[in-house]
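This report covers selected residues, a helix, the nonpolar cores and a pocket of one protein model. The sequence and structure are shown first.

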Amino acid sequence: MQFEDKFFEAEERCGYHVSAKMKKVWAVELNLLDYFDKLCRQYNLRYFIGFGSLLGAVRHRGFIPWDDDIDVVMFRDDYEKLKVIAEEVMEFPYFFQNSYTDTMIWAFTKLRDSRTTAIEFPDFPPEFHQGIFIDIFPLDDVPDGKYMKPIVGEMQREIWMSIVEPERLKGFIDRGQPLALQADILLELLRMPIRERMKMFEDFNVARFGTSSRVNFLTDHFSGFASMPRACFTDTVYLPFENRMVPAPAAYDSLLSCLYGDYMTPAQIPNMHEGIFLDPDAPYTQYMKKEGV
């Protein structure tokens with residue numbers, strides 16, 4: 001989608017200065033969203049604008065002024081389909097970055113533009129992709145106390161621990177601490193290569209898709225963030241977001257209230273990517289070949 005020249009002008013939004021450079025970063029992200037949307041439409045995959053980007057769509061009709069990225073969410077079944085499709089069709093300048101396509105182990109995916117720069121990890125090797133991105137989060141079933149029991153959530157957590165905290169999990173086993181999964185199963189899991197453990201984690205969640213009335217991005221769930229009613233995602237509406245319309249859960253008011261409480265009252269806080277080095281006009285490889293950023 002084309003942008004009017006006015007879009008790239010610096011401006012004040014809600015008392016916050018949005019620079020001309022950030023407007024260019026936003027434009028890259030919106031183009032990534034357009035590409036992602038086209039892919040999802042072509043292959044009949046459902047997604048929704050999510051988290052802070054959903055809040056921005058409802059409250060600001062676009063980006064939260066002090067935010068610098070776009071979040072989308074997908075149910076686990078469509079997310080798994082997307083992984084296969086992306087491997088088959090995605091080409092430069094787009095890069096579908098997850099635990100199987102790059103060196104970082106993540107529970108989500110970044111869709112990056114390799115012609116640009118968003119360096120979060122300056123000490124990583126130059127082969128690690130660090131273009132400007134949008135985040136794609138899978139929504140998995142989490143315990144609701146009725147259809148999906150708490151012990152299943154403990155199993156999810158223990159498999160995830162085998163990936164991100166293997167020594168801590170091994171300590172639990174050595175001390176004989178009660179666990180949801182049998183010790184021999186967990187020890188066998190710990191002997192697997194880390195990407196096989198990641199595959200086991202995702203397969204576990206695939207097998208339980210559709211078994212709960214509540215969903216969440218699991219690493220948020222493990223950190224104590226509120227889960228979301230699955231029913232909020234039954235129907236889709238389209239909301240304005242900068243110069244386009246984006247799909248959102250029809251029950252966005254209930255969803256945002258669940259996530260943020262009084263979400264219509266702005267609370268300016270540092271965004272999740274504070275400190276990222278951004279350049280919408282040059283590829284990250286230009287910087288990663290240097291000694292520092």
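Y16 lies in strand 2 (residues 16-18); strands (E, at least two residues) and helices (H or I, at least four) are DSSP runs numbered from the N terminus. The model is predicted, so local features need pLDDT of at least 70 and side-chain atom pairs pLDDT 80 or more, whereas totals for chains, interfaces and linings use all residues. Residues are numbered from 1 along each chain as its sequence is written, and side-chain values use heavy atoms, without hydrogens and water. The relative accessible area of Y16 is 26%, so Y16 is partly exposed; the class lies between buried (under 20%) and exposed (over 50%), for a 1.4 Å probe and protein chains only. P65 is 49 residues away from Y16 in sequence, yet their C-alpha atoms are 6.5 Å apart.

F209 is found in the loop between helix 7 and strand 9 (214-216). Its relative accessibility is 28%, and F209 therefore counts as partly exposed. Beyond four places in sequence, F209 is in contact (heavy atoms within 4.5 Å) with F75, R76, D77, D141 and R230. A250, 41 residues from F209 along the chain, has its C-alpha atom 21 Å from that of F209.

## Helix 4

Helix 4 comprises 15 residues (150-164); at 1.5 Å a residue these should span 21 Å, and the end C-alpha atoms are 21 Å apart, which agrees. The expected span is 1.5 Å times one less than the number of residues. Buried residues of helix 4 include V152, M155, W160 and I163. Their cover includes strand 8 (132-142), helix 5 (166-174), helix 6 (183-190), helix 7 and helix 8 (218-222).

## Nonpolar cores

A nonpolar core is a set of buried Ala, Val, Leu, Ile, Met, Phe, Trp, Tyr and Cys residues joined through side-chain atoms within 4.5 Å. The largest has 86 residues, of which F36, I70, M74, I136 and F233 touch the most other members. Helix 1 (residues 20-42) contributes the largest share of this core, 12 residues. Apart from it lies another core of 5 residues, including I119 and Y284.

## Second largest pocket

A pocket is an open set of points on a 1 Å grid over the protein atoms alone, with protein on both sides within 12 Å along at least five of seven lines; lining residues have an atom within 4 Å of a point. The second largest pocket is lined by 14 residues, with K83, E87, F96, N98 and T101 nearest its centre. Helix 3 gives the most to this lining, 5 residues.

Note on methods
1 Å grid on protein atoms, 1.4 Å probe; cavity = no way out; pocket = protein on both sides within 12 Å on 5 of 7 lines; lining within 4 Å.
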